[in-house]
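Here is a friendly briefing to read alongside the model. Have the viewer open and follow the points topic by topic.

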Amino acid sequence: MTDTAGVPGKGSAGHERREVDVVVSGARSYPVVIGSGVVAELASWLPEGTARVAVVTQSGIRVQVDPGVAFETYLIGHGEEHKCMSTVEDLCSRWSEDGLTRGDCVLAVGGGMVTDVAGFAASVYHRGIPVIHVATTLLAQIDAAIGGKTGVNLPQGKNLVGTFWQPSAVLCDTDTLDTLPPREWRCGLGELAKYHWLGGGRLDELPLVERIARCVGVKAGFVASDEREAGRRALLNYGHTLAHALEIAGGHELRHGEAVGLGLLFAAELARALGRIDAAAVAEHRRVVGGYGLPMRIPDGTDVGSLVPLMFRDKKAIGGLTFVLDGPGGCRGGSRRRSGGGRGDSGGCPMSSAVPMVLLLSGPNLNLSGQREPEIYGSATLDDLVEAATDEAAALGMEVQHLHSNHEGDLVDAIQAARAETAGIVINAGALSHYSWAIHDALAAFAGPVVELHLSNPGAREAFRHESVVTPVATAVIAGLGAAGYPLAMRAMAGLLAATF
Ligand SMILES: NC(=O)c1ccc[n+]([C@@H]2O[C@H](COP(=O)([O-])OP(=O)(O)OC[C@H]3O[C@@H](n4cnc5c(N)ncnc54)[C@H](O)[C@@H]3O)[C@@H](O)[C@H]2O)c1
Ligand SMILES: [Zn+2]
């Protein structure tokens with residue numbers, strides 16, 4: 001590690017040592033030991049009676065380990081293409097040839113790639129043998145090696161196969177980071193940045209050992225409350241919704257940690273647009289991400305229009321598109337906003353009256369809400385949905401005018417008429433969303449913000465619903481949140497009308 005951006009006090013960290021317990025499944029726990037030289041403690045952390053150790057690592061990771069018992073080293077390849085089932089099969093075959101048993105232990109020495117692959121192989125070999133992680137990248141020390149998630153990629157996508165398999169111990173020796181290439185270091189800082197808003201506080205002011213320990217403590221807290229990622233643990237994805245889309249859109253030129261930094265900036269802007277945080281909190285996101293030497297702008301040439309559909313296909317977007325957002329009372333909500341391009345400057349909203357008027361449009365078949373496929377669209381009737389939106393709008397100082405029509409032309413007429421008096425449009429165009437260029441054109445000629453709304457998550461349904469012709473002219477999209485999307489759309493609209501984009 002030659003680039004020490006964001007590492008105040010690394011030198012002064014001295015021989016500090018921290019131990020954080022990760023509690024899983026109630027009673028069981030394991031230690032994460034952090035400090036300079038802690039890899040020397042390895043032998044004392046092996047499960048009792050361990051006969052032999054299988055060290056899994058990569059070439060170029062020059063971390064010496066001495067488990068104090070016989071050991072064999074197994075090298076795996078570099079890069080995500082080697083994080084695959086055939087690497088796992090190969091490891092298990094070699095372990096089998098060498099007679100590894102459940103009385104032995106796997107030792108993963110490396111970054112997140114090694115801990116994910118070795119952890120996965122250990123979890124399935126002989127139906128599970130113990131594993132210890134010696135995490136040698138910043139990202140692995142603060143995230144990947146903690147929490148028991150393992151996984152490999154399939155040709156169809158990243159981390160699609162995996163297990164929850166908790167290690168017996170994790171050693172985070174900060175000396176190992178000395179050889180980390182600068183970009184790897186910076187990527188770790190991108191992941192670390194999210195912890196500032198997950199309870200970590202001003203991590204950039206702490207010496208390295210303390211900083212890592214704080215992140216491990218935060219992650220351990222999430223893991224303890226939610227070992228299998230059903231709820232709170234998902235907050236660890238702060239900044240990740242846009243990050244994953246950016247990584248794919250850019251053909252992985254942008255590394256994960258760098259993308260997370262940008263995702264944090266985006267989430268902050270979105271939270272501010274929704275009225276959850278103020279300008280000072282957005283500035284704090286910029287200070288932290290910039291201070292860690294991470295990119296502050298999405299790369300030139302990024303196809304911005306592809307980001308929204310990509311975000312919908314994120315595997316974490318189970319019920320819809322969800323963003324973890326900062327705010328005074330914790331994190332909730334899901335919405336997306338088109339950033340840059342497309343609509344051009346929307347500063348000239350015709351917002352003349354004191355009470356802004358919002359046009360809420362409901363397209364084909366929404367009159368059957370509550371009766372039609374309630375397992376997909378929910379049980380609320382159109383009246384319920386409109387009432388929820390209207391009440392929320394009133395609480396936010398806006399008025400709602402609602403129109404439902406099964407006819408494309410009626411919706412186009414209403415959008416055109418809105419050009420005179422209406423501050424913003426919230427539109428659920430139903431199936432017309434997917435092919436009505438007439439609605440697209442009408443909305444493009446409307447100067448105010450447009451929130452596209454869907455009860456279900458079209459991206460997770462039939463292929464014909466994946467593309468929306470409304471999205472390119474929408475300022476924000478809310479989908480997959482069912483009836484809850486309606487009041488949220490009004491909150492988004494209030495934020496969009498208040499903000500200058
Ligand atoms: N399981 C989880 O909860 C979780 C969480 C986050 C990320 N991940 C996974 O972690 C992986 C990324 O991990 P990463 O960022 O650590 O990258 P990585 O493991 O691919 O390591 C990056 C490069 O740095 C090298 N390296 C590692 N330690 C080094 C050292 N001390 N000195 C010099 N070179 C060193 C590696 O050999 C590799 O070439 C991804 O596959 C991701 O999916 C898993
Ligand atoms: Zn991440």
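**Helix pairs and their surroundings**

Helices α12 and α15 run roughly parallel to each other, because their axes cross at roughly 30° and angles under 35 degrees count as roughly parallel. Please keep in mind that this is a predicted model. The chain holds 15 helices and 15 strands, and 48% of its 501 residues count as buried. Among contacts with a separation of 6 or more, 74% join residues 24 or more positions apart.

**The α12 and α15 pair**

- Helix α12 covers residues 382-395 and helix α15 covers residues 485-498, and their axes come within 8 Å.
- The crossing of α12 past α15 is right-handed.
- On the α12 side, the contact uses L385, A388, A389, E392 and A393.
- Those residues meet Y486, P487, A489, M490 and R491 of α15.
- Sorted by class, this contact of α12 with α15 has eight nonpolar and two charged residues, with no polar ones.

**The α2 and α3 pair**

- Helix α2 (residues 85-97) packs on α3 at an angle of about 55°, and the two axes are 10 Å apart.
- That angle makes α2 oblique to α3.
- Here too, the handedness can be stated: α2 passes α3 in a right-handed crossing.
- T87, V88, L91 and C92 from α2 make the contact with V117, F120 and A121 from α3.
- By class, the contact of α2 with α3 counts six nonpolar residues, one polar residue and no charged residues.

**Around ligand 1**

- The shell around ligand 1 is made of 26 residues, and the closest are G111, G112, M113, T137 and A144.
- Helices α3 (112-124), α4 (138-144) and α5 (182-194) each give at least two residues to this shell.
- The class count for the shell around ligand 1 is eight nonpolar, 12 polar and six charged residues.

**A mostly covered helix**

- Helix α7 spans residues 240-249, and nine of its 10 residues are buried.
- The buried residues of α7 are H240, T241, L242, A243, H244, A245, L246, E247 and A249.
- Just after α7 comes G251, with a positive phi of about 60°.

**Q401 in its strand**

- Q401 sits in strand β12, which covers residues 399-404.
- Is Q401 buried or partly exposed? Q401 counts as partly exposed, because it has 15 C-beta neighbours inside 10 Å.
- V358 lies 43 residues from Q401 along the chain, yet their C-alpha atoms are separated by 6.2 Å.
- Leaving aside residues up to four places away in sequence, Q401 touches M357, L359 and L360.

- As background, most residues other than glycine have a negative phi.
- H126, a residue other than glycine, has a positive phi near 50°.
- H126 belongs to the loop between α3 and β6 (131-135), and H126 counts as partly exposed because it has 14 C-beta neighbours inside 10 Å.
- E373 is not a glycine either, and its phi is positive at about 40°.
- The loop between β11 (357-362) and α11 (374-377) is where E373 is found.
- E373 is exposed, as 12 other C-beta atoms lie within 10 Å.

Notes. Residues are numbered from 1 along each chain as its sequence is written. Chains are lettered from A and ligands numbered from 1 in the order in which they are written. This is a predicted model: local features need pLDDT of at least 70, side-chain atom pairs count only at pLDDT 80 or more; totals for chains, interfaces and linings use all residues. Axes are lines fitted to C-alpha atoms, for helices over the stretch in contact, and angles run from 0 to 180 degrees between N-to-C directions. Helices (H or I, at least four residues) and strands (E, at least two) are DSSP runs, numbered from the N terminus. Angles under 35 degrees count as roughly parallel, over 145 as roughly antiparallel, 65 to 115 as roughly perpendicular and the rest as oblique. A crossing is left-handed if the near helix is turned anticlockwise from the far one by less than a right angle, and right-handed if clockwise. Two residues are in contact if their C-beta atoms, placed from the backbone, lie within 7 Å. Ala, Val, Leu, Ile, Met, Phe, Trp, Tyr, Cys and Pro count as nonpolar, Asp, Glu, Lys and Arg as charged, and the others, Gly among them, as polar. A residue is near a molecule or strand if its C-beta atom, placed from the backbone, lies within 6 Å of it. A residue is buried if 20 or more other C-beta atoms lie within 10 Å of its own, exposed if 12 or fewer, and partly exposed in between; C-beta atoms are placed from the backbone.
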